[in-house]
Amino acid sequence: MLILLMAPEKTTATKKTSLKRTVKDQSGAGKLKIGELLSKAGYITATQFEQAKAQQKKTGKLLSRILLEYGYIEEDTVVNFLSRLHNYPAVDISREPPSPEVIDLVPYETARRFMAFPLRMAGNTLQVTMAEPTDTSAVEALQDAVHMGLNVCVSTERDIIEAYRKYYKISDEEYQELIGEQEEGQEEEQVTEIDDFGALVSDAAEDFEIESSQEDESAFDQFSASDAPIIKLVNGILVKAVQEGVSDIHIEPFEKSMHVRYRKDGSLFKSMNLPLTIKNALIARIKILADLNITERRVPQDGRIKMRMGRNKAVDFRVSTLPLLHGEGIVLRILDKSSLNVDLTQLGFEQETFDALKRCLNRPQGLLLVTGPTGSGKTVTLYSALNSLNREDIKILTAEDPVEFNFKGINQVNVNAEVGMTFAAALKAFLRQDPDIIMVGEIRDLETAEIAMKAAMTGHLVFSTLHTNDSPATVGRMVDIGIPPYLLASSLTMVLSQRLARRLCSNCKVRVEHDRKELLSAGFREEELDDLVLYGPKGCPECNGLGYKGRVGLFELMEVTDEVAKAINAEVPEEQLRKIAIQEGMVPLREAGLQKVREGVTSLHEVLRRTVVHEESLPAYLVNPDVEEYEDGDVIIQEGNQDKDFFKLVRGKVAVLRGGKKIAEITEPGEYFGEMSAISGEPRFATIVAAGRCVIKRYPGDKLQELIEKYPEVARHLFKTIVNRLQKTDRIVVKLAGGDRQRPQVIRRA
């Protein structure tokens, strides 16, 4: 820690001398600047240090900023290095907000000049955090400016700039200037754009009108693929896709034309029609870029294209070819890291689900599974989780097929089954690499699953994916693969199932009405229908007429609590496991989707497309109760008995007797009777006998408490039936007791 104390009643020269000595004694850094410290420690080379110093003389920027821009260090390198080796306290300002009164002690201009930020007062000492606290001359100058002793900490430059924006209320222009994003934006604008694709396609088609009897087709492809119109056309297709934010490009030859389609927000739309005359040249050009064999058209091929979009931005395309009936089809998956959002807080989690996810991520060990169909965003969720855990003191190893995005600080391995580098082989090797966190792209077989389980039980946090419909179904899939339930119960930490729904365009979404029956069947509660406000798509230029812009995640997180682990170990059915998980706090996918509908984020149609509703799973004694037949006069319930079973009339009718006198009849099929004794535990207050031949369903009364606690929908129906039955009985009793005479009015007092 670096502490500077002012020495009153001394000259300026004496004070500065005292301050220098104090800096050296307290920090151990002396006059060494951050570049020298990093160079001596081996974080950067001497050559890199000299380059950075030369650039600093030209620009006047902080040396740490220049090293970061050159890619020689990472954003948190300086903070971690100084806090660990030179005893500077590391401060995350977002988690340790400053005291309101200290902001006025250091004007913004002073704070910006030294890239410092005030935190709080400790007696007569001001605690500040700086991006480069080892610059003793800057620290002394700052102390002279504020006229008080300093206690100096270290933070990242970005963290300090964010604090300027939040607490000093700087303008967006000032913020952009500090962050340094203007230059990048200008560079990206220099990428060549094509305004008239039609003219370009015409030029290409005119150049390549060919006879079908071409002898050396491959030689023609090689020649035409290098022609200027084709090069411009392919580049234009790729650039347009990146700029429009699409995820996939589909190039498909048909009988009379070739279609180019883009997938955006999960939906395909046609972008252009191309003449068949340029088919071979277009395909050959893409295969050349992807380093594929242009003469091989009989088998699928996979490759990769890397395209630069300005000096500081590169976009990868994962290329897959497939022989189709009318020629080769190509699909390009766009891997644009700049558009990848790996912030967990921005994925669309509900607060309860997000809190459960953080609990699981903070555990020291366990298996965390992310499930869902292809294209449901599993990779982004995994990367986001890993990114939140990616720190200097944690080693992360991943096995992926293939590696889509590269992240600093994460060791990524490409799976290649042809040379024996399978997921299982990678996992075995990982365990000898002393990792803290392991990510396996997908669990496909028993061997991979077993190694992942063992790793999770031996102190590692293991992430992986499965293709299942929801979280409870994942447990059954793992058991089917061959994992014993007891092993799964002890090592599984969570299962996160997810879908991606299109987000309504905020510029044009409109209020829509739905039939009450449709809303109830979708999963909404009856009591909320009157106040429910729902929105749907309309379409505007902002969203290309689709009514949707962007996507939002729907998440179902099953945290393996003690109760869920017991259920997994007991091998309960999937539906029963789902019930227990919901009781333990799991929000089903359909309910997560309905919440997004209530918030106006997406439409009901989107949620119905992406999720299914699970009917309430009933216990066996309710699904298959005992069915009994009675003859006329048979006693079903005897007045005064202590039994607690309750019944439902299926067919026929029964009479209700009290003291030997008939007081009512039950004739409606589906009506319950005998519930009051089951609920209250009191003796039977009436006798019920069969009035003719009848069929009755008997339910065990000793299970009623469990039914009420665990199955609220059934319990609600049951109590509603009881209330209706009591009201009907009351009317009958009044009628039998008083005939048609008017019932005297009863005045009730509060």
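This briefing covers the cavities, aromatic contacts and cysteines of one protein model. The model is predicted. A search of the whole structure turns up 16 aromatic pairs. The cavity count is three at 30 Å³ or more, and the disulfide count is zero.

**Aromatic pairs and cluster**
- F349 and F555 form a stacked pair, because their ring centres are 3.9 Å apart and their planes meet at 15°, under the 30 degrees that stacking requires.
- One aromatic cluster is made up of Y108, F117, Y164, Y167 and Y168.

**Charges over rings**
- K53 places its charged end over the ring of F49, 4.7 Å from the ring centre.
- K509 lies over the face of Y535, and here the distance to the ring centre is 5.0 Å.

**Largest cavity**
- The largest cavity has a volume of about 50 Å³.
- Its lining consists of L344, L357, L361, L368, V370, T381, L382, A385, F463 and M494.
- Helix 15, strand 11 (366-371) and helix 16 (378-389) are the elements that each give two or more residues to this lining.
- Helix 16 supplies the largest share, three residues.
- By class, the lining of the largest cavity has nine nonpolar residues, one polar and no charged.

**Second largest cavity**
- The second largest cavity holds about 40 Å³ of space.
- G348, F349, E350, T353, G553, L554, F555, A592 and K596 line the second largest cavity. Among them are F349 and F555, the two partners of the stacked pair.
- Strand 19 and helix 24 (589-598) each give two or more residues to this lining.
- The largest share, three residues, comes from strand 19.
- Four nonpolar, three polar and two charged residues make up the lining of the second largest cavity.

- C505 counts as buried because its relative accessibility is 2%, under the 20% cut-off.
- C505 is in no disulfide, and its nearest cysteine sulfur, that of C508, is 3.8 Å away. A disulfide needs the two sulfurs within 2.5 Å.
- C153 is also buried, at 1% relative accessibility.

**T561**
- T561 lies in the loop between strand 19 and helix 22 (562-569).
- At 17% relative accessibility, T561 is classed as buried.
- T561 and A489 are 72 residues apart in sequence, and their C-alpha atoms are 9.5 Å apart in space.

Conventions: Residues numbered from 1 in each chain as written. Predicted model: local features only at pLDDT ≥ 70, side-chain atom pairs only at ≥ 80, totals over all residues. Heavy atoms only, no water. Buried < 20%, exposed > 50% of the residue type's maximum accessible area, 1.4 Å probe, protein only. Phe/Tyr/Trp six-rings, centres within 6.5 Å; stacked < 30°, edge-to-face > 60°. Lys NZ or Arg CZ within 6 Å of the ring centre and 35° of its normal. Helix = DSSP H or I, 4+ residues; strand = E, 2+ residues; numbered from the N terminus. 1 Å grid on protein atoms, 1.4 Å probe; cavity = no way out; pocket = protein on both sides within 12 Å on 5 of 7 lines; lining within 4 Å. Points joined across faces, edges and corners; volume = space filled by probe spheres on them. Nonpolar A, V, L, I, M, F, W, Y, C, P; charged D, E, K, R; others polar.
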